[in-house]
Amino acid sequence: MPDHDFKSPRLFVSADLAEAIAVEASADQLNYLLNVMRLGETDAVLLFNGRDGEWRARLHREAKKRLLLVPERRVRAQTPPSSLHYLFAPLKSARLDYMVQKAVEMGAGVLQPVMMQHVQAPRLNRARMEANALEAAEQCGILSIPDCREMIRLADLLRDFDPARRLVFCDERANEASPIDALRAEPRRPVSLLIGPEGGFSAEERALLQACDFVTPISLGPRILRADTAAVAALAVVQAAVGDWRAGG
Ligand code: SAH
């Protein structure tokens, strides 16, 4: 992203974005822009909503508690969502926050929680997951908003799996062959990447996965990684081997 503006604050808004059509900043955004960043009316911010690309906007203070953001120029056209789906067992909240943020930064377009036998935190706060995904999107410069899905069971995921995709499954028991070679050995298809829970996959789940012809197991090396570390490592491997870290995406 060589010509990207990294200096101006970048905010998600839900309103439509079009030239000169002002958007009112939320109370949090007002506080962030005026009190934390100490911006004034001559400063610019970047706005995106997941539909209309990225806009450079000016601040206009209408009243003490009313700040308008006025789009001036579209600086980037909207891009389609990433085809990389990240499938994961829910973790306890602090690790889950981290994992969701990192998965978005690493380019996941869909976040799909999957219920498995050894999950240690079976409840999932979807609003919190969405807030983390948005914060990461603001931070890392992407234009489409990651889709945070409802939790599903592993058996249902496999039964309804889109045959046009490949399910890459990080298996802590896989033999330690190169994950890059394993990914590149197959015809290129959009990837869904699955990481197991802190307690690992059960024998039954592993058998279920291994029986599917759309599944590719990969190893992440000789050490057992925590699920949140495994997420970042696996997403890096997939992006480098078959994803958008390669020239041309
Ligand atoms: N408690 C389990 C480890 C679970 S680690 C045990 O001791 O065996 C959580 C998840 O991270 C795993 O289910 C797997 O998806 C991924 N993972 C961790 N280390 C890995 C490795 N070396 N290779 C492949 N996947 C790994």
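Reader: A nonpolar core is a set of buried Ala, Val, Leu, Ile, Met, Phe, Trp, Tyr and Cys residues joined through side-chain atoms within 4.5 Å. How many residues has the largest one here?

Author: The largest nonpolar core has 37 residues, and those with the most contacts inside it are Y86, L111, L183 and L193. Please note that this is a predicted model, in which local features need pLDDT of at least 70 and side-chain atom pairs count only at pLDDT 80 or more, while totals for chains, interfaces and linings use all residues. Residues are numbered from 1 along each chain as its sequence is written, and side-chain values use heavy atoms, without hydrogens and water.

Reader: Which elements supply that core?

Author: Two or more residues each come from strand 6 (85-88), helix 2, helix 3 (126-140), strand 10 (166-170), strand 11 (191-195) and helix 7. Helix 7 provides the largest share, ten residues. Helices (H or I, at least four residues) and strands (E, at least two) are DSSP runs, numbered from the N terminus.

Reader: And what does L193 touch?

Author: Leaving out residues up to four places away in sequence, L193 touches H85, Y86, L87, V168, C170, A234, L235 and V238. A contact is a pair of heavy atoms within 4.5 Å.

Reader: What about a second core?

Author: It is separate and has 17 residues, among them L157, L158, L167 and F169.

Reader: Changing topic, what is the volume of the largest pocket?

Author: It is about 650 Å³. A pocket is an open set of points on a 1 Å grid where a 1.4 Å probe fits, with protein on both sides within 12 Å along at least five of seven lines; its lining residues have an atom within 4 Å of a point.

Reader: Which lining residues are closest to its centre?

Author: Of the 32 residues that line the largest pocket, S82, S83, G107, Q239 and D244 are the closest to its centre. Helix 2 (93-105) and helix 7 (227-242) each give two or more residues to this lining. Helix 7 gives the most, with three residues.

Reader: How much space lies in the second largest pocket?

Author: About 370 Å³ lies there. The second largest pocket is lined by 22 residues, and the closest to its centre are D171, E172, I224, L225 and A230.

Reader: Now the strands. How do strand 4 and strand 5 run, parallel or antiparallel?

Author: Strand 4 (residues 54-63) and strand 5 run antiparallel, joined by nine bridges. Two strands pair if DSSP finds at least two bridges between them. Strands 4 and 5 form a hairpin with two residues between them, and A63 has R66 in strand 5 as its bridge partner.

Reader: What else is joined to strand 5?

Author: Strand 2 (residues 23-24) is joined to strand 5 (residues 66-76) by two bridges, and these strands also run antiparallel. V23 stands opposite L69 in strand 5.

Reader: Is S8 buried or exposed?

Author: S8 is buried, because its relative accessible area is 15% and buried means under 20%, exposed over 50% (1.4 Å probe, protein chains only). S8 is found in the segment before strand 1 (10-12). Apart from residues up to four places away in sequence, S8 touches A44, V45, L46 and R56.

Reader: And D160, buried or exposed?

Author: D160 counts as exposed, because its relative accessibility is 56%. D160 lies in the loop between helix 4 (154-159) and strand 10.

Reader: How many Å apart are D160 and D43 in space?

Author: D160 and D43 are 49 Å apart, C-alpha to C-alpha, and 117 residues apart in sequence.

Definitions and conventions
Grid points are joined across faces, edges and corners, and a volume is the space filled by probe spheres set on the points.
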